[in-house]
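Thanks for making time for this one.

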Amino acid sequence: MQKTKVLKQKIHQQFYILLIVCFCFSCKNDKKETTELSNINKTIDVYDFETIEPLLYTDIDKTYIVNFWAMWCAPCVKELPYIEAYAKKHSEVEVLLVSMDFPKEIETKLKPFLKQNGITSKVVLLDDPDSNTWIDKIDPNWSGAIPFTIIFNNKERAFYERSFENLEDLENQVNKTIKN
């Protein structure tokens, strides 16, 4: 009887130790994931056009996608997952999301929106009231409507004043642009 009681106590101890170990590893992974998500777009820089303009050109043979968007633009929000999926699938391509939202809403609306939607691409905010000047500098054919995307490398450049319908649509346009 005493042996049975001791054996049950050992089994209970081992069970509790196993439970504690599993709990510790589980918490550690959750903490890591939470930390990684909280570091996504931790800082969002606010630029005027003069500061953003150099990011729209390159001298190296690397492909860039620069997307002008806003949280209040339904077609912009709809295409963000496609751009994000493309960035994850093609790490050799640099993606920059240029938010046209209000600087005062970075902490209260923009960062929560990015976190909720799992956006990990680099985001900057363009705050330049002289849009009539800088829109023409980007592309004289751009009406100013968003979403607006520039796909470029050091040899080719294409402008898209429309939303991408799906990941395949975006991939086709990138391939078309950089293979010309």
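**The sheet, its central strand and a pocket**

What you see here is an open sheet of 6 strands, in the order β1-β4-β3-β2-β5-β6, and the pairing within it is mixed. Please keep in mind throughout that this is a predicted model. At the edges stand β1, residues 45-47, and β6, residues 157-160, each of which has a single partner strand, so one side of each is left without a neighbour in the sheet. On average, and with direction ignored, neighbouring strands of this sheet are turned by 20° against each other.

How many of the residues of strand β2 are buried? For this strand, residues 64-69, the count is 6 of the 6, so β2 is largely enclosed by the rest of the structure; the cut-off behind that word is a relative accessible area under 20%. As a general point, side chains in a regular strand alternate between the two faces of the sheet. In β2, Tyr64, Val66 and Phe68 point one way, while Ile65, Asn67 and Trp69 point the other way, and all of them are buried.

On one hand, β2 is joined by 6 bridges to β3, residues 94-99, and these two strands run parallel, with Asn67 standing opposite Leu97 in β3. To get from β2 to β3 the chain passes through helix α3, residues 74-89, and this β-α-β crossover is right-handed.

The largest pocket in the model has a volume of about 160 Å³, and of the 14 residues that line it, the closest to its centre are Met100, Leu126, Asp128, Ser131 and Trp134. Which helix gives the most to the lining of the largest pocket? That is α5, residues 131-138, which contributes 3 residues.

I will stop there and take your comments.

Conventions: Residues are numbered from 1 along each chain as its sequence is written. This is a predicted model: local features need pLDDT of at least 70, side-chain atom pairs count only at pLDDT 80 or more; totals for chains, interfaces and linings use all residues. Side-chain values use heavy atoms; hydrogens and water are left out. Buried means under 20% relative accessible area, exposed over 50%, partly exposed in between (1.4 Å probe, protein chains only). Helices (H or I, at least four residues) and strands (E, at least two) are DSSP runs, numbered from the N terminus. Two strands pair if DSSP finds at least two bridges between them. A crossover is right-handed if, with the strands pointing away from the viewer, the path from the first strand over the helix to the second runs clockwise. Axes are lines fitted to C-alpha atoms, for helices over the stretch in contact, and angles run from 0 to 180 degrees between N-to-C directions. On a 1 Å grid over the protein atoms alone, a cavity is a set of points where a 1.4 Å probe fits but cannot get out, and a pocket is an open set with protein on both sides within 12 Å along at least five of seven lines; lining residues have an atom within 4 Å of a point. Grid points are joined across faces, edges and corners, and a volume is the space filled by probe spheres set on the points.
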